[in-house]
Amino acid sequence: MRLFLPAIAALSVSLSGCTLAAMVDEAANASFQKGPYEVSEHARALHDRLLVADLHADTLLWNREMDERHAIGHVDLPRMEEGNVGLQAFTIVSKVPSGINERATPDRDDMITFLAMAQGWPAETWGVLHERTLYQARRLHEVEKRSNGRFRIIRTADDLRRFIEDRKADPKLSAGFLGIEGAHALSGNLRNVLAFHDAGIRMMAPTHFFDNDIAGSQHGMEKGGLTDKGRRMIKLMEAKKMIVDLAHASEKTIAEVTAMATRPVVVSHTGVRGTCENNRNLTDKQVRDVARTGGVIGIAYFPLAICGEDATAVAKAIRYTADLVGVEHVALGSDYDGFVKTPFDTSGVPLVTEALLREGFNDEEIALIMGGNVVRVLLSALP
């Protein structure tokens, strides 16, 4: 999630909302390389045998119809099929302050309001964060209904098992599961954890770019740990078999959640300081703490995460993480459609498979990294 949203407020006086939102989408969610993407015959043959899973995409924030192929943005079902991406986490963004930065972002306003209004979202979403969250979840359910079984939302471990089995006969099937960036989406009420669970949401991060009443953000002003309310939320999420996502969490929050967790946790989209030193990325200790829960670290694709602009930089971060804690604890976490420029859109994910081959990973290890590890965590964690 980057810094493009203030453009909506600045330009809305002269452009229609839908036109403006599309312009922001195109500028914010670009790729360094344009498709079609070419890889070696070996990489393509291997990639086509994989079940590829990605832990993070903010596609629901945009009014693009996901079942149509688009020339802008990063993710839609046709491009998932082209990239053989079978399973995508669709993560819901409910609030972003203006002037966000990686080190100290105050909770002072909400730029998603402008985007919701510009795209014609229902009025109840304009100022109520849990309504905004539920609306985006409904949008994915509508995609599922329109697909006539070609796209499925994964709610349970049995859903995932059936999808994996059916996809063996029809590799063009795709699936998604719902997550949330930041528990401020609860609108202050822990009962909304249950409402979100009923809406099919199976993953939630305590924080996004600012501190809230649940926990401290790595980009917040105080960067504290879990509050008492936050500890209750983690226990409730575990009871409901929802996955805790520690992306954007402060050092104290990561330490406290991994210490109390009784189930695997994930970091859905991040880099590691071993290959890219900055406040945004995980330390070696944090990587080890997440792995100790049985969880996975999703490596993001944007330059601040990987200190590069190509699949090679993604693969180097994956290699570092795998060498540190084992290949079974690293995965893909693109951050597609999250106001970031990435090396390629989702149709170009075979480039990662090729880069992993160059890094010296064998076929079995690549199968784990590209999706097997996410599947393992989901099968163990979902109801």
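Asp-76 touches Met-66, Glu-68, Arg-69, His-70 and Thr-346, leaving aside residues up to four places away in sequence; contact means heavy atoms within 4.5 Å. The model is predicted, so local features need pLDDT of at least 70 and side-chain atom pairs count only at pLDDT 80 or more, while totals for chains, interfaces and linings use all residues. Residues are numbered from 1 along each chain as its sequence is written, and side-chain values use heavy atoms, with hydrogens and water left out.

Asp-76 sits in the loop between β1 and α4. Helices (H or I, at least four residues) and strands (E, at least two) are DSSP runs, numbered from the N terminus. With 0% relative accessibility, Asp-76 counts as buried; buried means under 20% relative accessible area, exposed over 50%, and partly exposed in between, with a 1.4 Å probe and protein chains only. The C-alpha atoms of Asp-76 and Met-66 are 4.6 Å apart in space, and the two residues are ten apart in sequence.

Trp-62 is placed in the loop between β1 (52-57) and α4 (77-82). Its relative accessibility is 0%, so Trp-62 counts as buried. Not counting residues up to four places away in sequence, Trp-62 touches Ala-21, Val-24, Asp-25, Asn-29, Leu-115, Gln-119, Arg-139, Asp-337 and Phe-339. Trp-62 and Ala-116 are 54 residues apart in sequence, with a C-alpha to C-alpha distance of 9.1 Å.

**Backbone geometry**

Most residues other than glycine have a negative phi, and most peptide bonds are trans. Phe-339, one of the residues that Trp-62 touches, has a positive phi of about 60° although it is not a glycine. Phe-339 lies in the loop between β9 (330-332) and α14, and with 0% relative accessibility Phe-339 counts as buried. Lys-223 also has a positive phi, near 60°, in a residue other than glycine. The loop that holds Lys-223 runs between β5 (201-204) and α9 (228-239). At 24% relative accessibility, Lys-223 counts as partly exposed. A cis peptide bond joins Gly-35 and Pro-36, with omega about 0°. Pro-36 is in the loop between α2 (17-28) and α3 (41-47).

**Helix packing**

Two packed helices are described by the angle between their axes and the distance between the axes. Axes are lines fitted to C-alpha atoms, for helices over the stretch in contact, and angles run from 0 to 180 degrees between N-to-C directions.

| Helix pair | Axis distance | Crossing angle |
|---|---|---|
| α14 (residues 350-358) and α15 (residues 363-381) | within 10 Å | roughly 140° |
| α6 (residues 129-146) and α8 (residues 191-198) | within 10 Å | roughly 15° |

α6 is therefore roughly parallel to α8. Angles under 35 degrees count as roughly parallel, over 145 as roughly antiparallel, 65 to 115 as roughly perpendicular and the rest as oblique. α6 passes α8 in a right-handed crossing; a crossing is right-handed if the near helix is turned clockwise from the far one by less than a right angle, and left-handed if anticlockwise. His-130, Thr-133 and Leu-134 in α6 meet Asn-192, Ala-195 and Phe-196 in α8. This contact of α6 with α8 has three nonpolar, three polar and no charged residues. Here Ala, Val, Leu, Ile, Met, Phe, Trp, Tyr, Cys and Pro count as nonpolar, Asp, Glu, Lys and Arg as charged, and the others, Gly among them, as polar.

α14 and α15 are oblique to each other, and α14 passes α15 in a right-handed crossing. From α14, Val-352, Thr-353, Leu-356 and Leu-357 meet Asp-363, Ile-366, Ile-369 and Met-370 of α15. The contact of α14 with α15 divides into six nonpolar, one polar and one charged residues.

**Helix α11**

Gln-286, Val-287, Asp-289, Val-290 and Ala-291 are buried in helix α11 (residues 284-292). The cover over the buried residues of α11 includes α10 (251-260), β7 (266-270), β8 (296-299) and α13 (311-325). Gly-294 follows α11 and has a positive phi, near 90°.

**Whole chain**

The chain has 15 helices and nine strands. Of its 383 residues, 62% count as buried. Among contacts with a separation of 6 or more, 71% come from residues 24 or more positions apart. Along the principal axes, the C-alpha atoms fill a box of roughly 50 × 45 × 40 Å.
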